[in-house]
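Visitor: I am new to this protein and would like to know what the words used for it really mean. Could you walk me through them?

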Amino acid sequence: MSKFLVINVDDSRWNDIVFNALQYDFYHTQSYHLLDKENEAVLFVYFFDDNFIAIPLVIRSIPDSDLQDCTSVYGYCGPVSNIKFNNLPSEAIKQFNNGLNSFFMERKIISSFSRLHPLFPFQEKIFQDFGEVVPLNKTVAINLNQPIDLQRRKYNKTTKLHINRALKNGILIRRTSDFEDLERFIAIYHNNMQRLNANTDYYFSPDYFHNLINATDFNSVLFVAEEDGEIIAGGIFTICNGIMQYHLGGTKKEMLKFSPLKLLIDSARIYANEMGCNYCHLGGGYSGANDSLLRFKAGFSKDFYDFKVWRKIINMHAYNELIAKKFGDEIPNTDYFPLYRF
């Protein structure tokens, strides 16, 4: 017995599926998808026997057309299942892809994209004959199953030096749920994005931060760094299904010399151990690049994981028409996907 189901984001069955998967993270949950107020989120599910394969999708309208495309939430998502990905029957994968393709055609979805989760190996097996899986870079995680003192001994010399220097300069870290602390962190985060000239996708609204902290499907924890009672840096970490994720962070420009975020991440790691997590996943660089952010995170661990994305063009004719309409003969030389949104 097999069937397909498309679950809307306000349907309680969403978490019934996700929480029964072998591997999932907060990125897959209903609460996290409810943070997106602009687009439609659905969970596409294929049931076979007593098993399932599912993938969250964020559906976007394409301006000046009746067409749509799919993406994934900010972070690491991809498919989930109650069977190990490498044990999924090939026929089940084929049927899942066929059903997903039919859904795309029905909804006039011309392209689809999803960031895969680095800590979930074999996710890409779902898409080996359906679109393409593209390796982008690496992410960094601290293995919390190791003894807690060994975890810190694996930091590089510079990271240890900066943590000790922050302590000597009187930097204090505290965990907080205070409204005013969150507001101060939001201001620091937005100033940080301006300083980095970040993409507009990273400028989350204040409501996003408040809803993230108050989400019910996972725990969100705000850590702040203080110097003489003033908040100089902060970071939001999520905890879900044994994984702590470093989600958002920022430091006041004039306080970068104290490296408060390194001390803050070290404190979050200790808390993750106390909470029984298996990994503290720090993520990768900016937009998958091998840059200063990735090198910063690599100071905490040499456990690297492959960051890959899945992408598929469902309607090549419509896809190329949109590119031609936007760029004419001057098509930019970029790997951005979908290209018509570059």
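Guide: Welcome! This is a predicted model, in which local features need pLDDT of at least 70 and side-chain atom pairs count only at pLDDT 80 or more, while totals for chains, interfaces and linings use all residues. Residues are numbered from 1 along each chain as its sequence is written, and side-chain values use heavy atoms, with hydrogens and water left out.

Visitor: Why is H6 called oblique to H7?

Guide: Helix H6 (residues 179–195) and helix H7 (residues 206–213) pack at an angle of about 130°, and their axes are 11 Å apart. Angles under 35 degrees count as roughly parallel, over 145 as roughly antiparallel, 65 to 115 as roughly perpendicular and the rest as oblique. The angle of about 130° therefore makes H6 oblique to H7.

Visitor: What makes the contact of H6 with H7, by class?

Guide: On the H6 side are Phe-179, Leu-182, Glu-183, Phe-185, Ile-186, Tyr-189 and His-190, which meet Pro-206, Phe-209, His-210 and Ile-213 in H7. Contact here means heavy atoms within 4.5 Å. These residues divide into eight nonpolar, two polar and one charged; Ala, Val, Leu, Ile, Met, Phe, Trp, Tyr, Cys and Pro count as nonpolar, Asp, Glu, Lys and Arg as charged, and the others, Gly among them, as polar.

Visitor: And why is H5 called roughly perpendicular to H8?

Guide: The axes of helix H5 (residues 157–168) and helix H8 (residues 260–274) cross at roughly 95° and come within 8 Å. That angle makes H5 roughly perpendicular to H8. Thr-158, Thr-159, His-162, Ile-163, Ala-166 and Leu-167 of H5 make the contact with Lys-262, Leu-263 and Asp-266 of H8. By class, this contact has four nonpolar, three polar and two charged residues.

Visitor: Which residues lie nearest the centre of the second largest pocket?

Guide: They are Thr-176, Ser-177, Asp-178, Ile-213 and Ser-220, out of 13 lining residues. On a 1 Å grid over the protein atoms alone, a pocket is an open set of points where a 1.4 Å probe fits, with protein on both sides within 12 Å along at least five of seven lines, and lining residues have an atom within 4 Å of a point. Strand E9 gives the most to this lining, with three residues. The lining residues divide into six nonpolar, five polar and two charged.

Visitor: Where is Leu-5 found?

Guide: Leu-5 is found in strand E1 (residues 2–8). Leaving aside neighbours within four places in sequence, Leu-5 is in contact with Arg-13, Leu-43, Phe-44, Val-45 and Phe-47.

How values were computed
Axes are lines fitted to C-alpha atoms, for helices over the stretch in contact, and angles run from 0 to 180 degrees between N-to-C directions. Helices (H or I, at least four residues) and strands (E, at least two) are DSSP runs, numbered from the N terminus.
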